[in-house]
Amino acid sequence: LTERLQNAISKLRRKGKVSEADVKEVMREIRLALLEADVNFKVVKDFVKTVRTRAVGAEVLESLTPAQQIVKIVNEELVKVMGQEASPLNKSPKIPTIIMMVGLQGAGKTTTAGKLALKLKEEQHARPLLIAADVYRPAAVDQLKILGQNIDVPVFEMGTDVNPVEIVRQGLALGKEKKNDYIIIDTAGRLQIDERLMNELAQIKELSQPNEILLTVDAMTGQNAVEVADGFNSQLDVTGVVLTKLDGDTRGGAALSIRAVTGKPIKFIGQGEKMTDLDVFYPDRMASRILGMGDMLTLIEKAQKDFDEKKAAEMAAKMRENSFDFNDFLDQMEQVQNMGPLEDIIKMIPGMANNPALKNMNVDPKDIERTKAIVYSMTPAERENPDLLNPSRRRRIAAGCGRPIQEVNRMIKQFKQMREMMKKMSNGNFAGMEGLLGN
Ligand code: GDP
Ligand code: MG
């Protein structure tokens with residue numbers, strides 16, 4: 001997903017301004033990237049439509065950093081599709097809170113039941129009880145028993161010869177008697193959804209009235225995960241989803257689809273086989289993961305840097321021509337404040353990188369604010385032509401920005417010195433600039 005998206009965006013990045021056609025192209029790439037990541041096609045369609053609508057809006061086309069803006073929109077929309085915020089476990093107002101695990105065979109129900117019990121125990125000092133209601137696989141009961149021993153949580157079981165509904169009935173009775181605050185029911189799965197299983201699960205649901213029906217889905221099953229989730233949800237009306245096996249290479253495409261298709265929140269993610277490998281699901285973190293945000297951040301930084309370089313080049317040309325005016329100056333001030341040190345921008349100017357005067361250059365943000373205030377009080381004509389600034393204009397400016405006239409004079413003087421020096425900058429020294437900004 002990442003690579004494809006990155007290519008598309010870096011292409012965009014090379015353009016200063018983007019057109020609607022450019023946006024269309026990058027959207028095509030995003031669409032393919034999502035489909036490759038096994039996101040459901042309908043989800044992809046809706047997603048791309050939303051992003052495109054926002055991206056062709058003025059906010060991107062007019063932006064000086066369109067690539068960055070698009071990444072931002074994609075990220076925001078991903079977060080939105082996945083539910084915006086973490087969704088906590090439902091809790092019963094009085095004990096016990098009953099949690100029923102459902103899902104296909106091998107999805108990770110039993111493992112997750114154990115992980116969840118441990119999490120509740122550690123984070124809430126809860127006293128959970130596990131119920132072994134999968135009687136179809138001989139090893140299933142033993143698996144849960146062993147897990148229970150490892151994490152020191154009691155497991156209620158009646159072997160494999162009893163009707164699961166009956167096991168749940170007795171397990172609930174025991175949990176209530178022992179005042180367990182959580183009861184987690186591990187149920188059977190099948191390789192595919194079938195009616196017998198669904199009937200059994202519906203009966204267990206009816207009997208136990210769970211506060212939470214957690215659908216456990218294997219994230220590695222991609223497209224199939226969506227159908228499964230849809231199937232379980234339509235028959236059992238689940239309350240939340242656990243996405244397992246998100247360790248490994250899985251990019252998390254299933255997280256997008258499942259939430260969008262079922263409308264049910266993903267509550268936890270399994271990221272390994274160990275009992276401690278269960279985490280709360282955070283949509284923003286998953287979005288970063290889908291985007292490969294580590295790399296994406298680098299990309300944004302690069303986009304930013306390109307912008308700086310482009311600006312710096314323009315600036316350098318103006319300096320050479322001695323047409324650098326207060327508007328450019330203001331631009332620079334803004335750059336300094338928005339995106340980083342003026343020192344760095346200056347260093348991009350040919351010949352300036354190794355200038356010793358830059359070593360001690362220090363810019364105080366407050367000085368920049370004051371300097372900006374002075375420039376803001378100038379008329380457009382004054383900004384374009386600093387030579388207009390006679391004493392009466394200076395007095396007006398000083399009054400306008402509330403700074404002493406001496407400060408205005410000093411600033412203008414330093415600006416002129418700076419401009420002079422900029423002209424000779426390839427062999428120049430930058431003392432004037434330092435004085436102007438850092439005093
Ligand atoms: P169930 O049939 O739904 O109860 O599935 P199990 O809990 O028995 O899990 C099936 C397999 O998946 C087991 O080998 C688990 O160790 C493994 N498993 C479950 N969750 C995860 C996970 O989050 N990451 C990894 N790597 N393996 C998992
Ligand atoms: Mg199991």
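Helix α6 contributes the most to the shell around ligand 1, with three residues, where helices (H or I, at least four residues) and strands (E, at least two) are DSSP runs numbered from the N terminus. The model is predicted, so that local features need pLDDT of at least 70 and side-chain atom pairs count only at pLDDT 80 or more, while totals for chains, interfaces and linings use all residues. Residues are numbered from 1 along each chain as its sequence is written, and chains are lettered from A and ligands numbered from 1 in the order in which they are written. Around ligand 1 there are 18 residues (C-beta atom, placed from the backbone, within 6 Å), and the closest are Gly-108, Lys-109, Thr-110, Thr-111 and Gly-270. By class, this shell holds one nonpolar, twelve polar and five charged residues, with Ala, Val, Leu, Ile, Met, Phe, Trp, Tyr, Cys and Pro counted as nonpolar, Asp, Glu, Lys and Arg as charged, and the others, Gly among them, as polar.

Helix α6 (residues 109–124) also meets helix α7 (residues 138–151), their axes coming within 10 Å and crossing at roughly 20°; axes are lines fitted to C-alpha atoms, for helices over the stretch in contact, with angles from 0 to 180 degrees between N-to-C directions. The two helices are therefore roughly parallel, a term for angles under 35 degrees.

Turning to the backbone, most residues other than glycine have a negative phi, and most peptide bonds are trans. A cis peptide bond, with omega about 0°, joins Ile-95 and Pro-96, and Pro-96 lies in the loop between α5 (66–81) and β1 (97–102). Asp-152, although not a glycine, has a positive phi of about 60° and sits in the loop between α7 and β3 (155–156).

Terms used. Parallel < 35°, antiparallel > 145°, perpendicular 65-115°, else oblique.
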